[in-house]
Amino acid sequence: MSGRDLFCQPRRARHGATLTLVFASVLVAGAATGSFPEADRKPAPDTTPVAGQQGRPAQHADVARAAAEAMADGKSPEEAAERAVSRSGDRWGAVYSRGEYEELEDALDGRYTGVGLSARRERDGRIEVTEVRSGSPADGAGIREGDRLRSVDGERVDGRPVTEVVSILRGDAEQEPAGTAVRLGLERGARAWTETVRRASLATDPVTVRTLAGGVSVVKVLSFTKGVGEQVRGAVQRLPSGAGVVLDLRGNSGGLVAEAVTAASAFLDGGLVATYDVDGDQRALHAEPGGGTARPLVALVDGGTMSAAELLTGALQDRGRAVVLGSRTFGKGSVQMPSRLPGGSVAELTVGHYRTPSGRGVDGTGITPDLEVDPTDPAALERARTVLSGLGPAA
């Protein structure tokens with residue numbers, strides 16, 4: 001499993017255990033935003049309707065009541081709300097402080113505070129640096145891909161979930177904002193050393209394109225932050241006509257559902273992308289017409305392909321538009337609705353689920369690929385290229 005300090009939770013691990021920030025991305029229903037095109041977008045707490053407002057399910061009112069009663073008794077409304085969510089049994093339910101919720105907003109806008117590295121946990125439990133963002137604090141400190149991260153601020157990280165490690169790297173936005181120092185214990189071969197870097201405000205680069213032998217293009221999408229759908233569509237339109245595409249969604253932690261639908265429009269000529277329900281009210285998402293349907297396409301996925309990325313994968317698979325290659329995806333297909341609580345925190349509770357065009361549920365099951373391969377194997381892209389060669393002469 002891998003992660004980057006772009007999308008991770010605030011340090012407090014109570015929010016969805018060790019799920020990263022956008023791993024726990026939500027589908028915000030039209031009732032919360034006024035219209036579904038901003039689905040999966042988290043409205044700012046100041047503009048989110050409070051629990052108990054018309055159209056809100058009863059569980060939101062229960063959580064808000066617990067927070068209000070705690071505040072009246074001089075206790076923490078946020079902690080009371082967390083206990084209420086925990087008692088509800090809602091797997092994806094969470095309570096965020098105002099500052100934490102603002103972090104979510106920033107991340108979905110493509111901004112984050114961190115040191116600029118990605119990491120993964122090896123089978124032996126050690127944490128390996130897999131990518132260093134150019135120009136980032138980590139890059140300036142000379143940290144390189146392949147280095148081992150042994151500690152953060154003196155805390156050993158071996159054996160910890162990588163999402164938890166990444167969360168510590170980012171720190172709390174209120175207590176450890178951009179400019180604060182973080183001490184990293186590193187190892188490269190036989191050399192071990194400590195490096196102190198300062199967190200910085202960074203911007204994401206969620207879409208990259210590269211060309212493999214034979215003219216196959218790999219469009220890598222790390223997450224569906226604001227504007228990514230149009231970036232994907234523009235990247236595909238600029239490719240040579242008929243050129244085969246590998247849509248690499250490995251490790252894509254989701255994000256804005258509206259962006260995933262726009263990305264689907266690059267490969268579909270209109271039609272259904274997904275359906276979803278909010279308290280029994282059935283709704284649908286459709287691609288825009290005009291997408292390139294003749295271009296050979298393989299979608300590459302893994303266990304870190306989540307939420308909005310699963311929605312896109314399921315649509316391409318169900319409609320026979322792509323061969324899906326890799327391993328089973330994560331299985332996050334639920335709809336959450338946010339509510340502002342007494343005291344300023346925000347609760348998100350599950351109110352429904354989405355389904356692929358054929359009616360398959362994703363939550364808890366994920367998407368099963370058409371061809372199973374080890375997505376961590378460097379040869380996975382070569383296997384994708386081979387599959388493309390059988391789909392059309394352009395590959």
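Which residue just after H4 takes a positive phi?

1. Gly110 does, with a phi of about 90°. Note that this is a predicted model.

2. Helix H4 covers residues 98–108. Eight of its eleven residues are buried, so the rest of the structure largely encloses this helix. The buried set is Gly99, Glu100, Tyr101, Glu103, Leu104, Glu105, Ala107 and Leu108.

3. Now the H7/H8 pair. Helix H7 spans residues 228–237 and helix H8 spans 257–264. They pack at an angle of about 15°, with their axes 7 Å apart. H7 and H8 are therefore roughly parallel, since angles under 35 degrees count as such. The crossing of H7 past H8 is right-handed. H7 contributes Val228, Gly229, Glu230, Val232 and Arg233 to the contact, and H8 contributes Glu259, Thr262 and Ala263.

4. Next, an open sheet. Its six strands run in the order S11-S12-S13-S16-S17-S20, and the pairing is mixed. S11 (207–211) and S20 (371–372) are the edge strands; each has a single partner, so one side of each lacks a neighbour in the sheet.

5. Within this sheet, S13 (residues 245–248) and S16 (residues 297–301) run parallel and are joined by four bridges. Asp248 has Leu300 of S16 as its bridge partner.

Key: Residues are numbered from 1 along each chain as its sequence is written. This is a predicted model: local features need pLDDT of at least 70, side-chain atom pairs count only at pLDDT 80 or more; totals for chains, interfaces and linings use all residues. Side-chain values use heavy atoms; hydrogens and water are left out. Buried means under 20% relative accessible area, exposed over 50%, partly exposed in between (1.4 Å probe, protein chains only). Helices (H or I, at least four residues) and strands (E, at least two) are DSSP runs, numbered from the N terminus. Axes are lines fitted to C-alpha atoms, for helices over the stretch in contact, and angles run from 0 to 180 degrees between N-to-C directions. Angles under 35 degrees count as roughly parallel, over 145 as roughly antiparallel, 65 to 115 as roughly perpendicular and the rest as oblique. A crossing is left-handed if the near helix is turned anticlockwise from the far one by less than a right angle, and right-handed if clockwise. Contact means heavy atoms within 4.5 Å. Two strands pair if DSSP finds at least two bridges between them.
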